[in-house]
Amino acid sequence: MSLIEFDHVTKTFPHAAGRVLLRTHLLRWFSSEKHTLFYALKNISFTMERGECLGIVGRNGAGKSTLLGMVAGLAKPNGGRVRVNGRVGALLELGSGFHPDLSGAENLVLNASLLGIGKKRIAELFDQIVEFSGVADFINEPLRTFSSGMSLRLAFSVAIHTEPDLLLIDEILGVGDSAFQAKCADALESYRRRGGSLLFVSHSGATVRKMCDRAIWLDHGELMMEGNPDAVLKEYEGTSEAVAAAAQPT
Amino acid sequence: MWKGDYTFTTRCLVEKDFKIRYRNMSLGMFWSLLNPLIMMGVLWFIFVKVFPGNTMPYYPLAVLCGIVPFNFFSIAWANGTSSLLDSVGLVKRVPVPRQIIPIASVFSNCMHLLIQVGLLLVLVLAFGPRINIEWLWLPVLWALEIVFVCGLALIFSAVNVYVRDARYFVESANNILFWLVPVFYSFSIIPARFREIYMYNPIAALVMALRNILLEGRAPASSLLSKLTLVSFGTLVVGWFVFKKLQERFYEYL
C-alpha cells in the first residue's frame with residue numbers, strides 16, 4: 001500500500017471566493033451568467049512510497065500548496081481520489097496556529113496538541129523540543145518578541161519531534177541561520193533513516209537536488225514531468241529561464 | 001487521519017482564548033461581574049421605579065436569572081459564529097478536526113459564565129429564598145445550555161464561511177431575543193397561547209427553570225425539561241452534521 005495515491009485528481013476554486021457576502025450569493029442565484037472556475041490542479045496522478053523524499057517544484061500559482069493541502073486532508077478533490085495512509089505532520093506555513101500573545105512554551109504545547117500529540121507525550125518531548133529549537137532562554141517570553149527565525153525553529157522542532165509518518169514542508173526551510181539550517185538537514189536525515197517520508201515543496205533547485213529521491217514539476221495545475229530530481233529540475237529551470245528571458249526587455 | 005486527543009486539544013484552545021483575553025485586560029474578571037449588575041440595576045430602576053405595579057417577587061434577582069443565561073448565550077453564540085474566520089490559519093494550514101474550533105470558542109466563554117453564575121447564587125443566598133434540594137438541577141440546566149450553544153456555534157460558524165453576513169444576522173437575532181426571552185418580565189404574563197412556543201426556546205425555558213428553582217424553590221416542570229433537552233441535543237446533532245457537510249469546502253472559501 002503506497003503512502004500517498006493521487007488518482008486523476010482535479011481541484012477547482014470558485015473565482016468569487018474570498019468576497020462572499022449574501023449579496024454575492026443572491027446575484028449569482030439570479031443571474032444567468034455561469035460563474036467561472038479556476039483549476040488549481042488538473043487531472044494529477046502520482047504515488048509516493050513509504051520512506052521516499054519527494055520534491056515538488058513549480059512557479060507561483062502552479063498548485064503546489066493546494067497539492068500539499070490535499071495530502072494533509074485540508075481540501076477535498078472535486079474529481080478523482082486522494083488516499084493517504086499514515087499520520088501526516090504538516091509544516092505548511094511558518095507557525096500556523098501560533099499566537100503572538102502566548103509564550104513560546106504555551107505555543108509549543110498548543111501546536112503539538114493540534115498536530116495530534118497527547119498530553120503525556122508532549123510532557124515527555126517538551127525538553128527535547130526546546131533543546132533542539134535552541135530558544136530555551138526565551139521559551140517563557142511571548143512569541144511576539146521572537147524573531148521570525150526563532151519562531152520557525154520552534155515550529156520545525158515541534159513538527160519533527162512529533163514523529164509523523166509523513167512530513168509536509170512548504171518552502172520554509174530557507175528561513176533561519178545557516179547553523180540551524182544544517183541542524184534541520186541533519187534532523188530530517190535521521191528522521192528519514194528511521195523510515196520517515198518527506199514531501200517537500202520548494203523554489204530552490206539546490207535543496208531539492210540535495211534531499212529528494214524524486215521530483216515532480218507542476219505548472220498551472222498540470223503535472224509536467226516526474227522522475228529523477230536532476231532531470232526534472234533541468235527541464236524546469238530551462239523553461240523558467242526561457243520565460244524569464246522572454247519577460248526581459250531587450 | 002488525525003489521532004490526537006480531542007479533550008486535550010480543546011482544552012489547549014480554550015486556555016489560549018482565555019489567556020489572550022485576560023492577559024490584555026487589567027480589570028479582567030471584574031468586568032464579568034460588573035456588566036450583569038449594571039443591567040440588573042437599570043432594569044430594576046425602570047420596571048420598579050419608573051413603571052410601578054410590577055408584582056414579580058424578588059424582582060432584581062429574577063432579572064439576574066434572565067441576564068446571566070442570556071449574556072452567555074448571546075456572547076458565546078456570536079464568538080462561536082466568528083470563530084472559524086478568527087482562526088483561518090488553523091483551518092487552512094493545520095489538519096486538525098475543525099469542529100474543535102467553534103466548540104472551544106464556546107467553552108472559553110464558560111469561565112465568564114461560571115463567574116456570573118457564582119454572582120447569581122451568592123445574591124440569591126443573600127437576598128432570596130433559602131437553598132433547597134432543587135439546586136441540584138442547576139448543573140444539568142447549565143450543561144444543556146452549553147450543549148445548545150455548541151450546536152448553534154457549529155451551524156453558524158460553518159455558514160459564516162460561505163456567507164460572511166451570518167455574523168450580522170446573529171447580532172440582530174441577539175437584539176431581538178433580548179425582548180423575546182423573559183429577561184425582565186415573568187413567564188406568567190405571557191398570553192397562554194404563546195407559552196407553548198416560548199418553551200421551545202431553550203434560553204427562555206432555562207430562564208423559567210432558573211426562577212422556578214432559585215426563587216420559588218420548586219423543580220422545573222418535566223415538560224419544560226424534556227423540551228429543553230430535546231431542543232438542545234437536537235441542535236447539537238443537526239449542527240454536527242451541517243458542519244461536517246459544509247467543512248468540505250472551507251479550504252476554497254477561506
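1. A salt bridge is taken here as a side-chain nitrogen of Lys or Arg within 4 Å of a carboxyl oxygen of Asp or Glu. This is a predicted model, in which local features need pLDDT of at least 70 and side-chain atom pairs count only at pLDDT 80 or more, while totals for chains, interfaces and linings use all residues. Residues are numbered from 1 along each chain as its sequence is written, chains are lettered from A and ligands numbered from 1 in the order in which they are written, and side-chain values use heavy atoms, with hydrogens and water left out.

2. Over all chains, the search of the whole structure finds 18 salt bridges. One of them pairs the side chains of A:Lys11 and B:Glu252, at 2.8 Å from N to O. This pair crosses between chains, running from strand β1 (residues 4-14) of chain A, which holds A:Lys11, to helix α12 (residues 250-253) of chain B, which holds B:Glu252; helices (H or I, at least four residues) and strands (E, at least two) are DSSP runs, numbered from the N terminus. Both A:Lys11 and B:Glu252 are buried, where buried means under 20% relative accessible area, exposed over 50%, and partly exposed in between (1.4 Å probe, protein chains only).

3. B:Glu252 also forms a salt bridge with B:Arg249, with the closest N and O atoms 3.5 Å apart. B:Glu252 counts as buried because its relative accessibility is 4%, whereas B:Arg249, at 32%, is partly exposed.

4. A salt bridge of 3.3 Å, N to O, links the side chains of A:Glu106 and B:Lys19. Since A:Glu106 lies in helix α3 (residues 104-114) of chain A and B:Lys19 in helix α1 (residues 6-23) of chain B, the pair joins two chains. B:Lys19 has a relative accessibility of 26% and therefore counts as partly exposed.

5. How many cavities of 30 Å³ or more are there? The count comes to 1, a cavity being a set of points on a 1 Å grid over the protein atoms alone where a 1.4 Å probe fits but cannot get out, and a pocket an open set with protein on both sides within 12 Å along at least five of seven lines; lining residues have an atom within 4 Å of a point. The largest cavity has a volume of about 100 Å³, and among its 14 lining residues the closest to its centre are A:Ala90, A:Leu91, A:Ser96, A:Asn111 and A:Leu115. In chain A, β5 (88-91) and α5 (148-161) each supply at least two residues of this lining.

6. The second largest pocket holds about 500 Å³ of space. It is lined by 24 residues, of which B:Met56, B:Tyr185, B:Ser186, B:Phe187 and B:Ser188 are the closest to its centre. In chain B, α3 (59-86), α10 (202-216) and α11 (222-246) each supply at least two lining residues, and α10(B) gives the most, with 5. For both volumes, grid points are joined across faces, edges and corners, and a volume is the space filled by probe spheres set on the points.

7. Lastly, the surface: A:Phe30, in helix α1 (residues 22-30) of chain A, is exposed, with a relative accessible area of 69%.
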